[in-house]
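Visitor: Hi, I'm new to reading structures. Could you walk me through this one?

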Amino acid sequence: MLTAIAIDDEKMALEVIKSHAEKVPFLELEAVFSDAITGFDYHKTQPVDLIFLDINMPDISGIDLAGMLLAETMVVFTTAYSEYAVKGFELNALDYLLKPFSLSRFLQACQKARDWKELQPAETNGHVFIKTSEGQIKVNFPEVLFCEARGNYVTLYVASEKIITRMTFKELEKLLPSHFVRTHRSFIVNKNRVEKIEKHQVQLGEYTVPVSLSYTNWM
């Protein structure tokens, strides 16, 4: 079963998605949201396989929101503006539905998502053991906010604690999943935990992490 949510500020568009989704036997549309922030908050706590995401929304665009989603989440953009198509595919969107879209076109996007999901290997390693002065400590990837390098040591900011290990950034990067991205020569952030993106910094909980010009391609 493919799990999904839809985020669109147009309620009529959400009704169309709900109607189409009811006719797709392998799709479970868990919720719909007319507010992008509310939808994003839901996804952070209850991740789904697929998000039907409008592009032109108030407060935050679908383009910006897509860059903040969990790395493994598939995105199908839904919009009335064809000029956004190129930008959508630059963000590795799975598909692009131009409103108004038919049931057959909707089903085609869902089938593409199911095929892609079946091709992906199952997640088997959601943690890593980090060597510290107190011994090996298990670190769960979703709990890591960001990592900071200082000389030959790296500090991992995990939930409410800091874990210090003797390691280079290159060694650490080999251990981290793809949703950990470099924002600065001294910082790696968990993209799934970013709450706010600004021109030269990102916000993760109570922390502000710098973003240098050399590492803005992930934004």
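Visitor: Let's start with D59: is this residue buried or exposed?

Guide: D59 has 76% relative accessibility, so D59 counts as exposed. The labels work like this: buried means under 20% relative accessible area, exposed means over 50%, and partly exposed is in between, with a 1.4 Å probe and protein chains only.

Visitor: Okay, and where is D59 found?

Guide: D59 is in the loop between β3 and α3 (62-66). Phi of D59 is near 75 degrees, a positive value in a residue other than glycine. For background, most residues other than glycine have a negative phi, and most peptide bonds are trans.

Visitor: Which peptide bond is cis here?

Guide: The one from K99 to P100 is cis, with omega near -5 degrees. P100 is found in the loop between β5 (95-98) and α5 (103-119).

Visitor: Before I go on, what kind of model is this?

Guide: This is a predicted model, where local features need pLDDT of at least 70, side-chain atom pairs count only at pLDDT 80 or more, and totals for chains, interfaces and linings use all residues. Residues are numbered from 1 along each chain as its sequence is written, and side-chain values use heavy atoms, with hydrogens and water left out.

Visitor: How many helices and strands does the chain have?

Guide: There are six helices and 15 strands. Both are DSSP runs numbered from the N terminus: helices are H or I with at least four residues, strands are E with at least two.

Visitor: Back to β3, then. How many of its residues are buried?

Guide: Five of the five residues in β3 are buried, so the strand is mostly covered. Both faces are covered: L50, F52 and D54 are buried on one side, and I51 and L53 are buried on the other. In general, side chains in a regular strand alternate between the two faces of the sheet.

Visitor: What does β3 pair with?

Guide: Strand β1 (residues 2-7) pairs with β3 in the parallel sense over four bridges, and A4 stands opposite L50 in β3. β3 and β4 also pair in the parallel sense, over five bridges, with L50 opposite M74 in β4. Two strands pair if DSSP finds at least two bridges between them.

Visitor: What holds paired strands together?

Guide: Strands of a sheet pair through backbone hydrogen bonds, either parallel or antiparallel.

Visitor: Now D54. What is it in contact with?

Guide: Leaving aside neighbours within four places in sequence, D54 is in contact with I7, D8, D9, G62, T78, T79 and K99. Contact means heavy atoms within 4.5 Å. D54 lies in strand β3 (residues 50-54) and is buried, with a relative accessible area of 3%.

Visitor: T79 is on that list. Where is T79 found?

Guide: T79 is in strand β4 (residues 74-79). At 0% relative accessibility, T79 counts as buried. The C-alpha atoms of T79 and D9 are separated by 11 Å, and these residues are 70 apart along the chain.

Visitor: Can we switch to a helix? Tell me about H43.

Guide: H43 is found in helix α2 (residues 36-45). H43 is buried, with a relative accessible area of 1%. Not counting residues up to four places away in sequence, H43 touches I5, V48, I51, L69, L70 and T73.

Visitor: Which strands form a hairpin?

Guide: β11 and β12 do, with two residues between them. Strand β11 (residues 180-184) and strand β12 (residues 187-190) pair in the antiparallel sense over four bridges. The bridge partner of F180 is N190 in β12.

Visitor: And what is the order of the open sheet of three strands?

Guide: The order is β13-β14-β15, with antiparallel pairing. β13 (196-197) and β15 (207-210) stand at the edges with a single partner strand each, so one side of each is left without a neighbour in the sheet. Two bridges join β13 to β14 (residues 201-204), and K196 stands opposite Q203 in β14.

Visitor: Last one: how much of the whole chain is buried?

Guide: Buried residues make up 45% of the 219 residues. Along its principal axes, the C-alpha trace spans about 60 × 35 × 25 Å.
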